[in-house]
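Biologist: I am new to this model and would like a guided look at it. Could you display it, please?

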Amino acid sequence: MQDIKLRDYQEQAIDAVRHQFQRGIKKVLLVAPTGAGKTVIASAMIKASQDKSNASLFVAHRRELVKQCSQKLTDFDVNHGVLMATVSPNNFATVQVASLQTYTARKDNEHFWKPNAKIIFLDEAHRSASKTFQDLLLEYPDAYVIGLTATPCRADGKGLGNYYDALVNCGTISELTEQGYLTPAKILAPSMPDLKGLKLQAGDYEKRGLNNRMNQPKLVGDLVSHWLEHGEGRPTVVFASSIAHSKYISSIFNDNGIPSGHIDGEMDEVKRVEVLRQLHEGEIKVLSNCMVLTEGWDEPKVSCVVIARPTKSYGMYLQMVGRALRPYEGKTDTLIIDHSGCVYEHGFPDEAPEWKLTTSEESAIQKKEPEPIEKQPVTCSVCHTVYKPARGFPECPSCGAIPTKAQQQVHIQQGRLIELVKKEKITTQDKVDFYAQLLTYAKTKSYSRGWADHTYKQKFGHFPHNKQVIAKPVSDDVKKFIQHLNIKKAKSKFHKGKIYD
């Protein structure tokens, strides 16, 4: 048995579920962000239940999820059986991990060995409303039920309160990022794609219409060019709008000399396992998929997500983004390249709320009133940084420029691919430190103090008020700002030359 030590928030979640059971609640929805370790939590509870001679049944709707749970139970030294096609049964084990499809196909067979279960765990519990999940639960009317999910809402955004009696939150993306259990997200985003006229079906865009809109040569070409500029060197997963779209994306990456693969739900298991191995081993740099890797897939080394599939579903958005938030050796952040407008539609990932249990007639997502233009993400007209203002018309957090309403609208429509950053308040000390570093840089380059003054003004919009500072080592951020100004100056000279030629 591996020495597995639970994190504080995992232990707290287990205690909270037990408390609900002690109160007489028998169906609890456990919500934890993607990467928080839901299978670890479930395995720890199953181990504790087995130690008390209680039978447990873990149910998942995909083979990969069944295998994942089986491996984690092995890590916890839990003797268990697996109920899945092509797998030899262990009917006498008090713990069983079942494929939902296999259970459903066999349950009416007179030779079927129905597992005992005092506690049932439902993985990807946002699917709990499905008939197959509900039919299975009818077989165990007295069992305690624990649903596991990162997004406790159906595809249409409605809640799961008709199927569970209590909800336990196991941390938020923001909290787990601050604690170092998830990596911070760095977002690049173009403007929203043209989705006008697309029909909705079951709360999301109709699939055929979405594919026709997104599966176009120019749009796919943009994916490749932007990835080359920003994502090269990062193991990457792409979320496409259809199987055809995913295959096309993969082929264009390969045509440009970038080893790429494709995976979808119609591929047989052997091929799927092989392409996932290729990504893990670095044989391919980019893996494009359609509706396969949105749930239950764990590859921590992936540090870039390309969203090429617009969605109205907040749950799906968080599932896609969450695929790459797990920490990994040498991984400092996760790059999200949003070609779908999702960040404009749903907001920043770490703004995900503490969920509440709502019924099937209520939205599980706290709807916000549309924000006025001055509070929507805008593009800086000076340095092209995109940021989300907190209120009013604040200056750009990178260079201090103040955008006009017209500039905000123009830049959003232009759809430049730039980094989305949250506005951070610039303190007086920040400005003093910046100026101190400019003085150091000026000295190493034999520039005048006036150069430092004017460079400071381009950053903050005014000359330094306090010039009595002590020089400090130059940070990478200051070097990048100086480089940005040099590039901008070079481009300006080039374009002026073109005009007068």
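Biologist: How do α14 and α15 lie to each other?
Modeller: Helices α14 and α15 are oblique to each other (angles under 35 degrees count as roughly parallel, over 145 as roughly antiparallel, 65 to 115 as roughly perpendicular, the rest as oblique). Helix α14 covers residues 428–445 and helix α15 residues 449–460, and they pack at an angle of about 140° with their axes 9 Å apart. Axes are lines fitted to C-alpha atoms, for helices over the stretch in contact, and angles run from 0 to 180 degrees between N-to-C directions. Helices (H or I, at least four residues) and strands (E, at least two) are DSSP runs, numbered from the N terminus.

Biologist: What is the basis of all this?
Modeller: This is a predicted model, in which local features need pLDDT of at least 70 and side-chain atom pairs count only at pLDDT 80 or more, while totals for chains, interfaces and linings use all residues. Residues are numbered from 1 along each chain as its sequence is written, and side-chain values use heavy atoms, without hydrogens and water.

Biologist: Which residues of α14 and α15 meet?
Modeller: From α14, the residues are Lys431, Phe434, Tyr435, Leu438, Leu439, Tyr441 and Ala442. On the α15 side they meet Arg449, Trp451, Ala452, Asp453, Thr455, Tyr456, Lys459 and Phe460 (contact means heavy atoms within 4.5 Å).

Biologist: Which aromatic cluster does Phe434 belong to?
Modeller: Phe434 forms one aromatic cluster with Tyr435, Tyr456, Phe460 and Phe481. Rings of Phe, Tyr and Trp (its six-membered ring) pair if their centres lie within 6.5 Å; planes under 30 degrees apart count as stacked, over 60 as edge-to-face and the rest as tilted.

Biologist: How many aromatic pairs does the structure hold?
Modeller: There are 14 aromatic pairs in the structure. One of them joins Phe21 and Tyr144 in a tilted arrangement, 4.7 Å centre to centre with 55° between the planes. Phe21 belongs to helix α1 (residues 8–22) and Tyr144 to strand β6 (residues 144–149), so this pair ties together parts 123 residues apart in sequence.

Biologist: Is Phe21 buried or exposed?
Modeller: Phe21 counts as buried, at 16% relative accessibility, whereas Tyr144 is partly exposed, at 24% relative accessible area. Buried means under 20% relative accessible area, exposed over 50%, partly exposed in between (1.4 Å probe, protein chains only).

Biologist: And what about Trp227 and Phe253?
Modeller: Trp227 and Phe253 form an edge-to-face aromatic pair, with 5.7 Å centre to centre and 85° between the planes. Trp227 sits in helix α8 (residues 217–230) and Phe253 in helix α9 (residues 243–255), so the pair links distant parts of the chain, 26 residues apart. Trp227 and Phe253 are both buried.

Biologist: Changing topic, which residues other than glycine have a positive phi?
Modeller: Among them is Thr86, with a phi of about 75°. Thr86 is in the loop between β3 (81–83) and β4 (95–99), and is exposed at a relative accessible area of 76%. Met291 has a positive phi near 55°. Its loop runs between β13 (286–290) and β14 (304–307), and Met291 is partly exposed at 44% relative accessibility.

Biologist: Finally, where is Pro327?
Modeller: Pro327 is in the loop between α11 (314–322) and β15 (334–338), and is partly exposed, with a relative accessible area of 35%. Not counting residues up to four places away in sequence, Pro327 touches Gly180, Tyr181, Leu182, Thr183 and Pro300. The C-alpha atoms of Pro327 and Lys301 are separated by 7.7 Å, although these residues are 26 apart along the chain.
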